[in-house]
Amino acid sequence: MRRGLLFLLLAAAQAAHAFTEAQTRAVASHGPWPPAFKADPSNRVSGNRQAIDLGERLFFERRLSANGAFPCSRCHLPERNWTDGEARARGLALTDRNTPSLANVRLQRWFGWGGAHDSLWSQGIRPILDAKEMGSSAAQVAKLMREDPDLACRHRKVFGTPSPDDEQLLVDVAKALAAFQETLVSGRTAFDEFRDALVKGDKAGIAKYPESAKRGLGIFLGKGSCSTCHVGPAFTNGEFHDTGIPFFIERGRVDPGRHEGIKKLLSSKFNLLGPYNDDEKHATATGTRHVLLEHRNFGEFRTPSLRNLALTAPYMHNGRLATLRDVVNHYSTISPDRLHSDGEAILKPLKLSQQETQDLLAFLESLQDGGGNYRRKAFAGDCGRDAAFSRPQ
Amino acid sequence: MKRWLLLALLAPAAQACELPGGAAQEVKSATSTILYRMAPLRVGEHFAVEFAVCPAPEAVKVDAWMPEHRHGMNYRPTVVAQGGGRYRAEGLMFHMAGRWELVFELRSKGKTERLAHSVRLE
């Protein structure tokens with residue numbers, strides 16, 4: 001009798017998960033993948049092949065940092081899905097935040113955990129100048145770009161005659177770095193295959209996706225309400241939320257998150273309302289022009305993409321949660337008392353069973369691509385062979 | 001007979017509220033009518049609202065919030081008068097799926113009136 005009951009329970013848990021019409025529409029909204037490339041109008045070299053090459057060359061360039069030891073790739077490692085595996089990034093000193101992945105970064109509206117930047121190129125300037133990260137200066141970057149034959153040649157090919165203004169050269173470097181980062185797109189996943197099969201009604205394709213992942217997807221869309229914020233093909237709404245992660249850094253110091261991010265954004269000369277935006281009509285600045293600073297922004301952090309998240313541990317803005325299971329447990333047991341009293345009334349403990357936790361993890365892990373779709377290009381200083389281009393003026 | 005005459009006189013005024021360019025949603029109160037139109041919405045994308053207010057108020061604001069979530073938008077829209085009681089609000093964004101209330105705040109003669117319309121976003 002007991003064995004029979006156990007069998008029935010197991011059978012119920014493992015029954016083929018069927019998706020309603022509304023759920024199918026919701027699943028479809030998380031694709032197709034990959035999205036088509038759209039050039040960034042605020043960056044005139046976005047999508048430019050030579051700018052992408054220059055950006056890649058600069059991404060691995062140690063001399064952009066004050067001590068000549070820290071390239072961008074020190075914290076954004078290709079083999080770790082463009083993050084570093086540390087709870088908080090360490091450049092010249094320990095920073096306050098976890099290194100975000102650069103995969104699919106071109107799809108973001110705001111950059112950094114607090115969204116202090118409104119373009120990929122303006123975000124690229126911050127770590128170069130930040131005393132805790134690369135600790136460099138516009139003067140140091142400009143000197144490198146003028147004096148290194150290969151870099152000077154590549155810069156001239158992309159941007160024309162270099163400006164005598166150091167800050168303009170720094171912005172050029174950031175725009176080339178952005179052009180390269182725009183190419184970092186994660187590959188197709190088991191979820192994408194399932195999503196396309198579901199949309200087409202391809203039964204064989206649907207059957208290939210594990211039942212546990214299907215049940216987890218059901219929780220993601222339903223009981224978990226995860227898709228309220230993790231929307232669209234990149235699984236993020238690109239906005240900011242308080243998810244109950246403490247924002248104390250150490251005794252007497254807090255991370256204000258989005259609140260500080262908006263203040264920094266609006267005071268930055270590199271924002272999209274400023275003179276370095278190549279989009280003359282400033283249509284790209286809609287968000288910056290209308291963004292609203294409110295008290296509730298304190299302790300809010302940007303919703304991260306979920307693609308390839310199994311490769312980006314530890315998690316949250318300060319790397320406080322070590323594993324993906326810890327993240328699921330956090331939302332399963334979250335205390336509403338931890339959330340702002342004037343904040344959103346969205347989160348409540350999900351109270352997931354062990355089976356549901358396992359299923360949700362199976363779904364999240366199905367958002368991982370095969371990996372290894374980036375091959376670093378070898379640059380042999382070949383641009384410098386053209387003497388007319390290589391000598392700084 | 002007098003009642004019919006009164007209705008006939010009122011009818012042209014009611015018909016005068018128009019928003020050229022296609023089908024529009026209507027929001028009404030005892031004193032005001034709003035016709036509005038927006039492109040198909042997507043979560044997390046900025047959008048604009050074209051609308052007409054009858055009778056034209058002295059000032060208009062547009063906002064939106066999610067009653068169940070107790071929060072508004074992360075952006076403050078700007079409203080530009082197009083003339084003839086017509087307006088364009090820009091900079092709106094619904095950053096979550098679910099039920100939103102689009103709120104039109106009309107000010108005239110020292111009084112404020114709020115008209116709300118539910119919008120569900122999948």
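The crossing of helices H2(A) and H8(A) is left-handed. This comes from a predicted model.

- Two packed helices are described by the angle between their axes and the distance between the axes.
- Here, H2 covers residues 21-28 of chain A, and H8 covers residues 190-200 of chain A.
- Their axes lie 9 Å apart, and the packing angle is about 135°.
- That angle makes H2(A) oblique to H8(A), because angles over 145 degrees count as roughly antiparallel and those from 65 to 115 as roughly perpendicular.
- On the H2(A) side, the contact involves Thr24(A), Val27(A) and Ala28(A).
- They meet Arg195(A), Leu198(A) and Val199(A) in H8(A).
- By class, this contact has four nonpolar residues, one polar residue and one charged residue.

**The sheet in chain B**
- Four strands of chain B form an open sheet, in the order S5-S4-S8-S9.
- The pairing is antiparallel.
- S5 (71-72) and S9 (111-121) of chain B stand at the edges.
- Each edge strand has a single partner strand, so one side of each has no neighbour in the sheet.
- Strand S8(B) spans residues 98-108, and eleven bridges join S8(B) to S9(B).
- Within this pair, Leu102(B) has His117(B) in S9(B) as its bridge partner.

**Where the chains touch**
- The contact between the chains involves 17 residues of chain B and 19 residues of chain A.
- On the chain B side, nine residues are polar, five are nonpolar and three are charged.

How values were computed. Residues are numbered from 1 along each chain as its sequence is written. Chains are lettered from A and ligands numbered from 1 in the order in which they are written. This is a predicted model: local features need pLDDT of at least 70, side-chain atom pairs count only at pLDDT 80 or more; totals for chains, interfaces and linings use all residues. Axes are lines fitted to C-alpha atoms, for helices over the stretch in contact, and angles run from 0 to 180 degrees between N-to-C directions. Helices (H or I, at least four residues) and strands (E, at least two) are DSSP runs, numbered from the N terminus. Angles under 35 degrees count as roughly parallel, over 145 as roughly antiparallel, 65 to 115 as roughly perpendicular and the rest as oblique. A crossing is left-handed if the near helix is turned anticlockwise from the far one by less than a right angle, and right-handed if clockwise. Two residues are in contact if their C-beta atoms, placed from the backbone, lie within 7 Å. Ala, Val, Leu, Ile, Met, Phe, Trp, Tyr, Cys and Pro count as nonpolar, Asp, Glu, Lys and Arg as charged, and the others, Gly among them, as polar. Two strands pair if DSSP finds at least two bridges between them.
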